[in-house]
Structure formats: C-alpha cells, structure tokens
Amino acid sequence: MSDTHRILIGGEWVAAASGQTFETRNPADRREVVGRFTAAGAEDARAAVAAAAKAFPAWRAMAPGKRAQVLNKAAAYLEQHAAQFARELTREMGKPLALAQDEIARTAQTLRFYAVEGQTYSGETFPCDDPDMVVYTQREALGVVAVIAPWNFPASIPARKIAPALITGNTVVFKPSSDAPLTGLRLVEALVAGGLPPGVLNFVTGRAGEVGAVLTGSPEVRAVTFTGSTAAGEQIHRSVAMTTRTQMELGGKNPLIVMEDANLDAAADLAVKGGLSLTGQACTGTSRVLVMTQVREAFLAKLLARVQALKIGNGLEPGIDLGPLATAKQFETVLSYIGIGKQEAKLQYGGRALTGPAHEHGWFVEPAVFTDVSPRARIAQEEIFGPVLAVIDVESYAQAIAIANDTPYGLSAAIATRNPRYVHDFCRDIESGTVKVNRTTTGNLTNAPFGGYKASTGSGFRESGRVGLEFFTQTKTVYRAV
C-alpha cells in the first residue's frame with residue numbers, strides 16, 4: 001500500500017495538524033486496503049478556507065478563457081488516466097467497472113461543458129428613457145464555495161459543483177466522503193495538473209463533523225453546495241449564516257408507473273436498470289413500481305425473471321451486474337429495511353445477505369422485490385438507498401398519480417406507456433423535478449438542469465446545465481451615465 005494521501009491547502013500537500021489518518025477498504029473484499037488518508041480536523045478546515053479566501057481576488061480577476069483552459073486540461077488528464085481511475089473508483093465504492101468508466105468519462109465531459117458555458121454566461125441590458133444612460137446587469141463570483149460530496153458518484157457529482165464554481169471565478173474547499181476519498185483526490189489532481197493556481201481549490205479529507213462545521217459555519221464561506229441525505233441537508237440549512245447561500249441535492253423515493261398499455265418487457269427492464277443497476281445506491285434510483293392491476297401478474301413474472309438473472313459480485317470481474325453496497329452502514333441499513341418490509345408486505349424474491357467464496361468478504365445483498373405493499377408502508381415512504389423494489393398495485397391513472405405524489409420527496413419519476421394522453425397528463429401531474437417517459441428514473445444530461453421538488457431539494461438552485469452557473473454567481477445592476 002502506498003503512503004498516506006495528504007490534503008491540499010494553499011497549493012501544498014500537507015498532513016493534518018493532528019497527524020491522524022484513516023484507511024478505506026474495498027467493499028467487495030474488506031481484506032483489501034484501498035488507501036490511507038489524512039484525517040483533517042477543524043484547524044485544517046479553517047486553513048483551507050483562509051487559503052481559498054486569499055486566492056479569490058486573483059482568480060476572480062483572471063480572464064474566463066484562461067480559467068477554461070484549466071478545466072479543459074483537467075478533462076484531458078482524466079481521459080488520459082481513465083483506466084486507472086475507473087478501477088480505483090470500483091475498488092473504493094463497488095460499482096461495476098463499466099459504470100465507473102462511464103462516470104470518469106462523464107466527469108471529463110462536465111469539465112469541458114462548463115469550460116465553454118462559463119465563457120458565454122453574462123447579464124442583460126435594459127431599455128432606458130434617459131438617452132444618456134446605459135443599464136445592464138453582470139454576473140459576478142460569490143467568493144469561497146464549500147463543496148460537500150457523497151460516495152455514490154465520487155467523481156461526477158463533485159465535478160458538476162466544482163467546475164461551474166471555478167469557471168465563474170470562485171475558489172473552492174472540497175470535502176469528499178470519507179468512504180470514497182480516492183476518486184475525489186484524482187479529480188483534484190487533474191485540476192492541479194491543469195494549471196490551477198495555489199489556493200483556488202483546496203481538498204480536505206477526514207472527520208466530517210469537525211470539517212463540516214467549519215465549512216458551514218465560517219463567515220468567509222459564501223456558498224455551500226451539498227449532495228446527500230435530506231436529514232443532513234436540513235442540518236446544514238440550520239447551521240449556515242443568513243448570508244451563506246446553499247444548494248442541496250437530497251433524497252428521493254422515485255416511482256415508475258407501469259400502465260396497462262405499456263410494453264411490459266421494456267417496463268421490466270426499466271425497473272431493474274433504474275432500481276438495481278447501481279445496487280440501488282442512486283438518489284434517482286427507482287424504489288417504487290406502481291403497476292396497473294390488469295398487467296400486474298404478467299409484469300411481475302418478467303420483473304422477477306430479470307432480477308433472478310442478475311450476477312452479483314466484485315465489480316472488477318467481467319459480466320457483473322451488481323456490486324456490493326458501499327459501506328458497512330449501508331449494508332446494515334438495507335438489511336434492516338428488508339426486515340421491516342417482511343413485516344409490512346410480501347417478499348417475492350431475494351433479500352439475503354450473500355455468503356460463500358465470492359461474497360463472504362464483501363457487503364453483498366441479494367436484491368429484494370416486495371409485493372402487496374401499502375402506499376403508506378415504510379418501504380414505500382422512506383429512502384432506503386439499496387436494491388429494494390416495492391411493487392404497489394393501482395387501479396387507475398388517477399390513483400397511480402396520487403400515490404406517486406404521496407411522499408415527502410420529488411426528485412425523479414417515470415412512466416411506461418404508449419398512450420399519448422397518459423404521457424401528457426403525467427408530465428403535468430407528477431410532482432418531480434425530473435420526469436421520464438419510457439426511460440429509467442436514473443440518469444441526467446450534463447447540459448440539462450437537475451434537481452428536485454419538496455424534500456428532495458433545499459433552496460431550489462438547480463445543478464447541471466447552463467442554469468447550474470446561477471448558484472455560483474450574484475447579479476450586479478449597473479446604471480451608467482455617459
């Protein structure tokens with residue numbers, strides 16, 4: 001195993017003030033140490049914020065084209081090392097290698113996208129009755145931005161926060177999840193290799209409570225962008241100052257509605273891919289399948305056949321469909337909810353912790369499919385973040401919409417149908433930030449806005465796309481006399 005990976009503060013790779021470290025292990029084989037990392041604390045976080053604040057004036061003054069060059073060079077670096085970084089991503093959080101490769105490619109795409117969009121992002125001009133007056137707005141950077149990222153997409157999620165922050169002239173303190181810090185480190189290395197000046201991007205791994213408290217409580221931090229659980233998002237909202245802007249991408253309880261006219265083979269594929277392909281560890285993952293009673297039995301037979309055929313194992317092995325759960329905590333949470341589901345509904349398939357030579361050293365759980373699920377059951381209301389599908393019977397489109405909307409969340413939703421009327425009404429009626437028709441609830445484009453309704457969001461600022469630049473800028477209105 002290599003030496004301890006250090007944190008980046010003010011352009012220098014340093015150890016924590018406390019000297020403490022921690023290690024991460026492969027969730028597919030807990031015997032394998034993936035890396036040892038610096039356990040930063042409050043003192044380190046304060047130093048990172050100070051370094052970002054010091055670097056801000058010069059970075060803000062740099063021409064947007066030069067900032068774009070950094071992002072483009074970083075994207076090239078990621079592409080050059082994609083094979084290595086994808087394998088590391090799989091080793092540290094478990095997703096199949098093909099999905100890890102897709103994530104690294106998407107991360108580079110995100111950097112390139114904002115390198116372009118950031119150079120054309122501007123204000124407006126306004127007509128004025130005074131012929132000697134010009135009135136216009138300009139978008140300006142906020143200052144220091146804190147980026148707090150999760151473990152399930154450890155490259156692409158921080159990239160869609162860091163890239164728009166940097167291109168608009170902000171400086172950043174980035175805290176990755178302690179469960180998947182290596183991939184975040186590689187993203188930072190790419191940006192440093194791209195020519196990022198010292199202090200513009202600072203990287204702190206370690207004790208979440210101490211570091212997070214500094215990042216959300218410091219008056220020098222002008223914005224906090226966070227992806228994670230709704231409970232954690234609420235805690236951040238309570239801790240930030242009134243002048244600190246927040247952007248939250250939180251939980252989901254995402255429905256797939258299968259109408260009586262749907263292509264059932266395609267619908268079953270949507271349920272499996274949307275709900276299980278990432279071992280259920282996606283905020284947009286399908287967790288509720290609302291099926292019209294007319295096609296329930298036929299759909300369920302197709303769904304179960306597909307679930308039973310899934311190959312579960314180490315994501316580095318060829319042909320693997322599902323990897324392990326990423327952490328011991330998530331493993332215990334998922335098994336707990338499966339136990340709850342057995343009391344609330346009928347377990348049609350799966351739900352076992354897997355053992356044996358291929359699985360005994362990892363956090364592997366067999367996908368669980370429940371039927372006869374009440375819309376008010378806990379497995380139909382609470383985010384599980386694992387390979388658990390709750391199948392709910394519905395008698396009509398109206399009932400399906402009512403049930404689909406009857407959760408605290410509103411992140412992503414999909415419908416399987418060939419009826420244009422259902423499509424039209426669904427896109428209007430569903431309370432969700434992302435709406436899919438005959439597609440999985442998972443997945444969103446780099447160039448399209450992403451975010452949720454209700455408890456799936458915080459302030460309402462969207463990520464991704466051109467609109468993703470808004471959060472990182474403030475508007476100045478200029479009245480200029482000739």
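Student: Is Asn26 buried or exposed?

Tutor: Quick note: this is a predicted model, where local features need pLDDT of at least 70, side-chain atom pairs count only at pLDDT 80 or more, and totals for chains, interfaces and linings use all residues. Residues are numbered from 1 along each chain as its sequence is written, and side-chain values use heavy atoms, with hydrogens and water left out. Now, buried means under 20% relative accessible area, exposed over 50%, and partly exposed in between (1.4 Å probe, protein chains only). Asn26 has 1% relative accessibility, so Asn26 is buried.

Student: Which residue's side chain has a polar contact with the side chain of Asn26?

Tutor: A polar contact is a pair of N or O atoms within 3.5 Å; within protein, one must be able to donate a hydrogen and the other to accept it, and residues adjacent in sequence count only if both atoms are side-chain atoms. The Asn26 side chain also has a polar atom 2.8 Å from the backbone nitrogen of Ala28. The side-chain partner, at 2.9 Å, is Glu32.

Student: Why are α13 and α14 described as roughly parallel?

Tutor: Helix α13 covers residues 397–405 and helix α14 covers residues 420–429, with axes 11 Å apart. Angles under 35 degrees count as roughly parallel, over 145 as roughly antiparallel, 65 to 115 as roughly perpendicular and the rest as oblique. The two are therefore roughly parallel, given their angle of about 25 degrees.

Student: Which residues in α13 meet α14?

Tutor: Contact means heavy atoms within 4.5 Å. On the α14 side, you'll find Tyr422, Asp425, Phe426 and Asp429. Their partners in α13 are Tyr397, Ile401 and Asn405.

Technical notes
Axes are lines fitted to C-alpha atoms, for helices over the stretch in contact, and angles run from 0 to 180 degrees between N-to-C directions. Helices (H or I, at least four residues) and strands (E, at least two) are DSSP runs, numbered from the N terminus.
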